[in-house]
Amino acid sequence: MDLKLTAEIKLPLGNATDTDLYLLRDFIQWGIVAVSVRDWIRLENREAASYLLNISAKATVSVQLRDRKNQCHYVCTGEELQQIRDGIQVVGDLMKESLEECPVQMLKEWEVMRKHIELANSKGGRICVDEKVLQAAMKTV
């Protein structure tokens, strides 16, 4: 499934499923890990991407939690939709680049994200772990 299409078509129409939201959230949270541990990316670029991705993750979780109470009919506000789209765009470009340049690194980042997802769930959709903790976790996978 193309997550960009989900963000562009399903979310605006209210046709996204709980699974779609989980996939969007995982995708965005992988991006948070990636920009946190890649010290070869300029610091200001990492900080800007991390800020945007954290806003996107929060919007995704907000929609998911709120609309589960609405019989899983997921409808975003215009602001939430734009925040999610922005995050998907950033992380989509990052993933495409990663598949070409550092696929093993990307898989390790995905594993670290999966290990920290429970923490993220308890913190409103953000991976609230210090970069040093994520960097240390990368050494264990």
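E80 is buried, at 9% relative accessibility, where buried means under 20% relative accessible area, exposed over 50%, and partly exposed in between (1.4 Å probe, protein chains only). E80 forms a salt bridge with R66, with 2.9 Å between the closest N and O atoms; a salt bridge is a side-chain nitrogen of Lys or Arg within 4 Å of a carboxyl oxygen of Asp or Glu. The structure is a predicted model, in which local features need pLDDT of at least 70, side-chain atom pairs count only at pLDDT 80 or more, and totals for chains, interfaces and linings use all residues. Residues are numbered from 1 along each chain as its sequence is written, and side-chain values use heavy atoms, with hydrogens and water left out.

- E80 lies in helix α4 (residues 78-101) and R66 in helix α3, so the pair links distant parts of the chain, 14 residues apart; helices (H or I, at least four residues) and strands (E, at least two) are DSSP runs, numbered from the N terminus.
- R66 is partly exposed, at 34% relative accessibility.
- A network of salt bridges links R66, D67 and E80.

**Other salt bridges**

- Seven salt bridges are found in a search of the whole structure.
- One of them joins D20 and K10, whose closest N and O atoms are 3.0 Å apart.
- Because D20 lies in helix α2 (residues 18-37) and K10 in helix α1 (residues 3-13), this pair ties together parts that are ten residues apart in sequence.
- D20 counts as buried at 2% relative accessibility, whereas K10 counts as partly exposed at 29%.
- E109 and R38 also meet through their side chains in a salt bridge, at 2.7 Å from N to O.
- This pair links distant parts of the chain, 71 residues apart, with E109 in helix α5 (residues 103-122) and R38 in the loop between α2 and α3.
- E109 is buried, with a relative accessible area of 0%, and R38 is buried as well, at 1%.

**Helices α2 and α6**

- Two packed helices are described by the angle between their axes and the distance between the axes.
- The axes of α2 and helix α6 (residues 131-138) come within 9 Å and cross at roughly 95 degrees; axes are lines fitted to C-alpha atoms, for helices over the stretch in contact, and angles run from 0 to 180 degrees between N-to-C directions.
- V33, S36 and V37 of α2 make the contact with E131, L134, Q135 and M138 of α6, contact being heavy atoms within 4.5 Å.

**Residues in loops**

- N15 lies in the loop between α1 and α2 and is partly exposed, with a relative accessible area of 45%.
- Apart from neighbours within four places in sequence, N15 is in contact with K10 and D20.
- N15 and Y74 are 59 residues apart along the chain, and their C-alpha atoms are separated by 6.9 Å.
- W40 lies in the loop between α2 and α3.
- Apart from neighbours within four places in sequence, W40 is in contact with C102 and Q105.
- W40 and K10 are 30 residues apart in sequence and 35 Å apart in space, C-alpha to C-alpha.
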